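Me: I have a structure open and have not looked at it before. Can you walk me through it?
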Amino acid sequence: MLAIRAFRGGCRGREAAHLLGTLLRPLRNSVACVSTSKITQGQVATQDVQAEEAPKQSPVWSCNEWDPLQEIIVGRVEGAHVPPFTVEVKANTYEQHWDFYQSHGGQPFPAAHMAKAAAEIETFCNVLEQEGVTVRRPALLDHSKEYTTPDFKSTGMYAAMPRDFLLVIGDEIIEAPMAWRARFFEYRAYRPIIKEYFRQGARWTTAPKPQMSDDLYDHDYPISNVQDRHKLAAQGKFVTTEFEPCFDAADFIRAGRDIFAQRSQVTNYFGIEWVRRHLGDQYNVHVISFKDPNPMHIDATFNIIGPGLVLSNPDRPCHQIEMFKRAGWTVVHPPIPDIPDTHPLWMSSKWLSMNVLMLDSKRVICDANEVPTMKMFEKLGIKPIPISIRHANSLGGGFHCWTSDIRRRGKLESYF
């Protein structure tokens, strides 16, 4: 039987707690809502489940973040536009960039910067191909077009971060519903590739598309500084409500039969529960949390890079980290990033230094500028393959974000 485990450190918001209880109460599966101090060894015991091989016909097969990589989707810089400065964008960006969004919303990102970013991503693709990985790219779209639904009006954003949108579990591709209105139609860039995979035998699921009406957002979300963010996050309050399921795929990280997810500014409990029910009793979906003033996407906070090996952000400690240690995992705190304060990071923090892509358990693609991080990997017995995508980082992602691995050679196993 499968149970979603909602691990919490400290007080959470009333709305989220009420909704999570309401969603799970009728289910036959149990829910363990415990604090770190109450987790017992028995609660993290590894299940005795036989490993499963990849289906012979499907081109899609990826069960974790570190098995040998064979095929991947890499995002595109071309056509990227600054999203309109709506409440959900404001809640997910840092105040030093708010003027940029207010003056550039709906317009292209600075052309000279994007030209350098495009060249970096082309180099990244070339290196992947030299390492024997098949690289696929999303379609080119015009993200400047304004669109209107019965509930909102917006322009688009980009198709730069496949990890945000595509959740690959075994032989299945799940299209995430997303939470930003500017990303509502982003799926169109990936449909040609997904349809091809489906025709070749992959499973294809589209999560319920949210209305993204005003009810999905707290339009009075009170943020003006980092202190506000810390206080709200500690209370379990986010800009997204529990009106309907929403999630970005990048708020989930995979370790075989165990999937770890966080409630964030773009992923609500309703969305996590949809994933849990959809995956069924082959998988355990665990909700974990962090001391993070602005949670959005888990892979620059908690990045699993091998069986029982995880990078844990020292600035955003995991409330349930003792659970992983008791399960025998090795927890590594990566060094402070070297990226200078003057470099524009419009959509992310400096911790993209730990947003790395594993080619396999002994090779990692990481930032060529982050020398301390490369030394950390060498000490772990992992060979760094250095590439600089510093200008591409400005769009909100590192190597893990800029990609979605479609096929890794390995089996579906339990590691937790």
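Reply: On a 1 Å grid over the protein atoms alone, a cavity is a set of points where a 1.4 Å probe fits but cannot get out. Volume here is the space filled by probe spheres set on the points, with grid points joined across faces, edges and corners.

Me: Which residues are closest to the centre of the second largest cavity?
Reply: Arg-163, Leu-166, Leu-167, Val-168 and Arg-254 are the closest, out of 13 residues that line the second largest cavity. A lining residue has an atom within 4 Å of a point.

Me: Which elements give two or more residues to that lining?
Reply: They are β6, β9 (252-255) and β18. Strands (E, at least two residues) and helices (H or I, at least four) are DSSP runs, numbered from the N terminus.

Me: How does the lining of the second largest cavity divide by residue type?
Reply: Into 7 nonpolar, 2 polar and 4 charged residues. Ala, Val, Leu, Ile, Met, Phe, Trp, Tyr, Cys and Pro count as nonpolar, Asp, Glu, Lys and Arg as charged, and the others, Gly among them, as polar.

Me: Before going on, what kind of model is this, and how are residues numbered?
Reply: It is a predicted model, in which local features need pLDDT of at least 70 and side-chain atom pairs count only at pLDDT 80 or more, while totals for chains, interfaces and linings use all residues. Residues are numbered from 1 along each chain as its sequence is written, and side-chain values use heavy atoms, with hydrogens and water left out.

Me: OK. How many helices and strands does the chain have?
Reply: The chain has 11 helices and 18 strands. Of its 416 residues, 60% are buried, meaning under 20% relative accessible area with a 1.4 Å probe and protein chains only (exposed is over 50%, partly exposed in between).

Me: What about pockets? Which residues lie nearest the centre of the largest pocket?
Reply: Tyr-94, Gln-96, Ser-348, Ser-349 and Lys-350, among 20 lining residues. That pocket has a volume of about 460 Å³. A pocket is an open set of points with protein on both sides within 12 Å along at least five of seven lines. The lining divides into 7 nonpolar, 6 polar and 7 charged residues.

Me: How many residues are in the largest nonpolar core?
Reply: It has 91 residues, and those with the most contacts inside it are Phe-109, Ile-121, Phe-124, Leu-128, Ile-365, Leu-395 and Trp-402. Helix α4 (residues 111-130) gives the largest share, 8 residues. A nonpolar core is a set of buried Ala, Val, Leu, Ile, Met, Phe, Trp, Tyr and Cys residues joined through side-chain atoms within 4.5 Å.

Me: What is Leu-128 in contact with?
Reply: Leaving aside neighbours within four places in sequence, Leu-128 is in contact with Leu-69, Ile-72, Val-74, Val-133, Val-135, Leu-357, Leu-359 and Ile-365. Contact means heavy atoms within 4.5 Å.

Me: Last one. Which residues of helix α6 are buried?
Reply: In α6 (residues 191-199) they are Ile-193, Ile-194 and Tyr-197. Seen down the axis of α6, these buried residues fall within an arc of 95 degrees, so they line one face of the helix. The arc is that of the directions from the helix axis to the C-beta atoms.
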